[in-house]
Number of protein chains: 2
Amino acid sequence: MKPAFDLSEYQRRLDLVRKSMSEQDLDALVIGDPANMNWLTGFDAWSFYVPQVMLVLHDHAPVWLGRQMDAGAVYLTTYLSEESVRPYSEDLVQRDDVHPMEAIGDEIRKFDLSGKRVGFESDTYFFSFKAVERLQSTLSEVHWQDADRLVNWCRLIKSDAEVEVMRVAAQIASNVQQVAREHIAPGVRQCDLVAKILEAGTSGINGSGGDLPALCPLVMAGEAAATAHPMWTDIPFEKNQTVALELGGAHKRYNAGLARTFQLGSGPQKVYDTANAVTEGLESVLETIRPGVTAGDVHTAWQKVLNRYGLVKESRIGYGIGVGYSPDWGEHTISLRANDLTVLEKNMTLHVMLGMWMDGWGIEFSETVAVTDSGVDCLTDFPRSVIDVL
Amino acid sequence: MKPAFDLSEYQRRLDLVRKSMSEQDLDALVIGDPANMNWLTGFDAWSFYVPQVMLVLHDHAPVWLGRQMDAGAVYLTTYLSEESVRPYSEDLVQRDDVHPMEAIGDEIRKFDLSGKRVGFESDTYFFSFKAVERLQSTLSEVHWQDADRLVNWCRLIKSDAEVEVMRVAAQIASNVQQVAREHIAPGVRQCDLVAKILEAGTSGINGSGGDLPALCPLVMAGEAAATAHPMWTDIPFEKNQTVALELGGAHKRYNAGLARTFQLGSGPQKVYDTANAVTEGLESVLETIRPGVTAGDVHTAWQKVLNRYGLVKESRIGYGIGVGYSPDWGEHTISLRANDLTVLEKNMTLHVMLGMWMDGWGIEFSETVAVTDSGVDCLTDFPRSVIDVL
């Protein structure tokens, strides 16, 4: 095994984070988000269900602090050396009387941060209220600063190498939709379709293996199509059902999303009419995306089409996408909605996600795209209309 | 769609939680853990990547507070009615200037909790430091009490209906190991094996569909076998490699774990010797488990065998298992280790997990079991020795 990228790529990322830390006058930063740890160093393990953090300093390589049995994964997946691997003892795991963050705090103390400004991620999965509280009370001699999403914003603009990995993830996602198309039919159980979806996504494409996408496959069939994130069941698809599938591909932990709507047998005209409006809106969105426009501008292009059709959608129509572990592949930075004034730049990667969850039915169309010099590169590739399954 | 269990089962669970709340003198409880929400009400959606909580009261049905587009999932998967569904607006999602927990706090205020004691889960995934802080500062008129794992402990002893669902999950896990056995071979890429594993687990068994196990499939092959939670790669398995697979099955969101060790071609004697010690220890553990003994007693039985072989294992040898979403199927209550004095009772379900992560190699054996009236029922079923793949 080796890290997913060259050392120079991780050095570029570390430089970005340190620059952002300097702008926020931070002497150190404690990262709790496993996606941020992976992006910064390559660290890759299913270890985030127990407390672990990464400490970023200006004059020392990033330091991993986690559970003893996961320390080996640092050597397998990063360029970090022994001085960056600081495990805590196994007997601290999931006890009521002690918390691993106390041991982590004691270890961080060795870096002489007394009186220094230390940032932390305040609103991320796997870095709980108690974890933050125990860390901060253990290290009460430092000045804690909320630095949530500092690393996330550094991830927003991808390197060319990252875009190429995203392209592979998108190819996997496109193939996964093709496999879904081949297997979906009335009488097929939802779980059997998802079985084929997961198989195809994990095997990958063209010699590149797949990871587990951070968002699980979402099957919106029948009444469940009225809500955005239902879990699949073992109920068979029905004749004349409208089914939206939000699926993904993942490679080297980078995710691409791709949603499409399938009509089994014959469907009501409203499905096709709404799909026409949504795909026209999608075309308009893709024509608008280019460096220099804002997220809000992109949303305006969508809203204009929607207004013409008299349709309403309250939720955002996309977000930054990239490295992610369960449960989310979104980067928690840019959102495509009216009041987001983030300016698009080359090599941002976005999941343009148009879901219409109506009263008892729903449709979805999405694409994963990269912003180019002058426009947009649609990384996913699948017919952009309701797929009729006869 | 309908809830996974009868209404009476959810009423039993709610009674347990309210009793525990009374013992802790709590007027209300805010749950952040999606596994706890599912166990308490059946609520099942991949919605936990945005802020959501459940409010438990003594004189009102549990109240779900989450994102607008996920509200429909409450009706699909629970017995809760409209008065229990309190969504917040889509435009609050993932913004820097506002937080959904402020809206959730305003909604909770309608239940007149001023001056009351309200518990909250402090150390759970998906209920971040900022989420808790914003909720507590919005509702500063209540007395907040750390009530972490209150619901988890209520889950520890299963109903007979739950044990039967666990049995299905364990049958799926057993079949998944059988499928792995049929496909693993030198030259097969790890990702292609995992593809077959995920396919089999999702299709389920005997007409019962599978869910995504909360722990992703773990492939410990070659150098990666020295660490506990590596991610699979697209590298082929090698001749004479020792491979440990920690796999699972899930049904109605209940998880069963099952780990086994495969020897491709011929392996070093130390693999078989260590496996003999571990399986002897496993037998001793299973002979010890029964109502009335403590978790520590079970660990002692294991340690005695290990001592005889001169082996050392620092980590716990098992934990409570049941409902779980990514990333963990453990219930975060009982741990099988020396200093855990929890007394075993009938219908506890445990994942007895014996992993030995050595210097550059490793082996694993595990079983998912239910405590019975007088002993143990091993729910998983697969040959308990190193599986030779010739």
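**Close-up views of a predicted two-chain model**

**View 1. Helices α9 and α10 of chain A.** In this predicted model, helix α9 (residues 269-288) of chain A and helix α10 (residues 295-309) of chain A have axes that come within 8 Å and cross at roughly 155 degrees. Angles over 145 degrees count as roughly antiparallel, and α9(A) and α10(A) are therefore roughly antiparallel to each other. The crossing of α9(A) with α10(A) is right-handed. On the α9(A) side the contact is made by A:Ala277, A:Val278, A:Glu280, A:Gly281, A:Leu282, A:Ser284, A:Val285 and A:Thr288. On the α10(A) side it is made by A:Asp297, A:Val298, A:Ala301, A:Trp302, A:Val305, A:Arg308 and A:Tyr309. Sorted by class, the residues of this contact between α9(A) and α10(A) are nine nonpolar, three polar and three charged.

**View 2. Helices α1 and α2 of chain A.** The axes of helix α1 (residues 7-23) of chain A and helix α2 (residues 34-41) of chain A cross at roughly 120 degrees and come within 7 Å. With that angle, α1(A) and α2(A) are therefore oblique to each other. From α1(A), the residues A:Tyr10, A:Arg13, A:Leu14, A:Leu16 and A:Val17 meet A:Asn38, A:Trp39, A:Leu40 and A:Thr41 of α2(A). The contact of α1(A) with α2(A) has six nonpolar residues, two polar and one charged.

**View 3. Helices α4 and α5 of chain B.** Helix α4 (residues 100-109) of chain B and helix α5 (residues 129-138) of chain B cross at roughly 40 degrees, and their axes come within 8 Å. The two helices α4(B) and α5(B) are therefore oblique to each other. Their crossing, α4(B) with α5(B), is right-handed. In α4(B) the contact involves B:Met101, B:Glu102, B:Ile104, B:Gly105, B:Asp106, B:Ile108 and B:Arg109. These meet B:Ala131, B:Arg134, B:Leu135 and B:Thr138 in α5(B). By class, the contact of α4(B) with α5(B) has five nonpolar, two polar and four charged residues.

**View 4. The two domains of chain A.** Chain A is divided into domain 1 (7-154) and domain 2 (160-389). The C-alpha centres of domain 1 of chain A and domain 2 of chain A are 33 Å apart. Domain 1 of chain A gives 17 residues to the contact, and domain 2 of chain A gives 14 residues. Between them, domain 1 and domain 2 of chain A bury about 1300 Å², with 59% of it on carbon and sulfur atoms.

**View 5. The interface of chain B with chain A.** About 6900 Å² is buried between chain B and chain A, and carbon and sulfur atoms give 57% of this area. On the chain B side, B:Trp46, B:Gln94 and B:Phe129 lose the most area to chain A, together 12% of what that side buries. The contact takes 80 residues from chain B and 80 residues from chain A.

**View 6. Backbone details in loops.** Most residues other than glycine have a negative phi, and most peptide bonds are trans. A:Gln94 has a positive phi of about 50 degrees although it is not a glycine. A:Gln94 is in the loop between α3 (71-77) and α4 (100-109) of chain A. A cis peptide bond joins A:Ser326 to A:Pro327, with omega about 10 degrees. A:Pro327 has its place in the loop between β9 (318-321) and β10 (330-335) of chain A. In chain B, B:Ser326 and B:Pro327 are joined by a cis peptide bond with omega about 5 degrees. B:Pro327 is found in the loop between β9 (318-321) and β10 (330-335) of chain B.

Note on methods: Residues are numbered from 1 along each chain as its sequence is written. Chains are lettered from A and ligands numbered from 1 in the order in which they are written. This is a predicted model: local features need pLDDT of at least 70, side-chain atom pairs count only at pLDDT 80 or more; totals for chains, interfaces and linings use all residues. Side-chain values use heavy atoms; hydrogens and water are left out. Axes are lines fitted to C-alpha atoms, for helices over the stretch in contact, and angles run from 0 to 180 degrees between N-to-C directions. Helices (H or I, at least four residues) and strands (E, at least two) are DSSP runs, numbered from the N terminus. Angles under 35 degrees count as roughly parallel, over 145 as roughly antiparallel, 65 to 115 as roughly perpendicular and the rest as oblique. A crossing is left-handed if the near helix is turned anticlockwise from the far one by less than a right angle, and right-handed if clockwise. Contact means heavy atoms within 4.5 Å. Ala, Val, Leu, Ile, Met, Phe, Trp, Tyr, Cys and Pro count as nonpolar, Asp, Glu, Lys and Arg as charged, and the others, Gly among them, as polar. Domain bounds come from an automatic or database domain assignment. Buried area is the accessible area (1.4 Å probe) that two parts lose on being put together, summed over both.
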